[in-house]
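Biologist: Hi! Could you walk me through this structure? I'm new to it.
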Amino acid sequence: MPDEDLIELKFRLYDGSDIGPYRYSPTSTIAVVKEKIVADWPKDKKVVPKAANDIKLINAGKVLENNKTVGQCRVPFGELPRGVITMHVVVQPTIAKAKTEKKIDETPRKNVCSCSIL
């Protein structure tokens, strides 16, 4: 595969630092890109994603879907053919665990009726 076909991406983190740039094939999926970001995440950061589903990639104001390819997510205008495309990374841990846990009241409730029948 020639180098001209590869798309060069860098990823801007929440504190303004960058990961990359890396070169990807236009046929690489966003899920693969996210896995690479998680693997190369700086260890000194306070917020660290645990999995690829914990991060969202934003390019040109759009959140990129995992099943899309890098080639499909390129903005056709405004990018130089050989330029580096900067994507923003947002860490958003999954909240599935918080939704499944229910608050359990420690004190048992007693069924007491205070109705009066006359």
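**A chat about rings and a lysine**

Modeller: Happy to! Let's begin with Y24, which counts as buried because its relative accessibility is 8% (buried is under 20% relative accessible area, exposed over 50%, partly exposed in between, with a 1.4 Å probe and protein chains only). This is a predicted model, where local features need pLDDT of at least 70, side-chain atom pairs count only at pLDDT 80 or more, and totals for chains, interfaces and linings use all residues. Residues are numbered from 1 along each chain as its sequence is written, and side-chain values use heavy atoms, leaving out hydrogens and water.

Biologist: How many aromatic pairs are there?

Modeller: The count is one, taking rings of Phe, Tyr and Trp (its six-membered ring) with centres within 6.5 Å; planes under 30 degrees apart are stacked, over 60 edge-to-face and the rest tilted. The rings of F11 and Y24 have centres 6.4 Å apart and planes at 70°, so they are edge-to-face. That pair joins distant parts of the chain, with F11 in strand β1 (residues 7-12) and Y24 in strand β2 (residues 18-24).

Biologist: And F11, buried or exposed?

Modeller: F11 is buried, at 0% relative accessibility.

Biologist: New topic: where does K56 lie?

Modeller: K56 is in strand β3 (residues 55-59); strands are DSSP runs of E, at least two residues, numbered from the N terminus. K56 is partly exposed, at 35% relative accessible area.

Biologist: Which side chain does the K56 side chain make a polar contact with?

Modeller: That of Q92, at 3.1 Å (a polar contact is a pair of N or O atoms within 3.5 Å; within protein, one must be able to donate a hydrogen and the other to accept it, and residues adjacent in sequence count only if both atoms are side-chain atoms).

How values were computed. Helix = DSSP H or I, 4+ residues; strand = E, 2+ residues; numbered from the N terminus.
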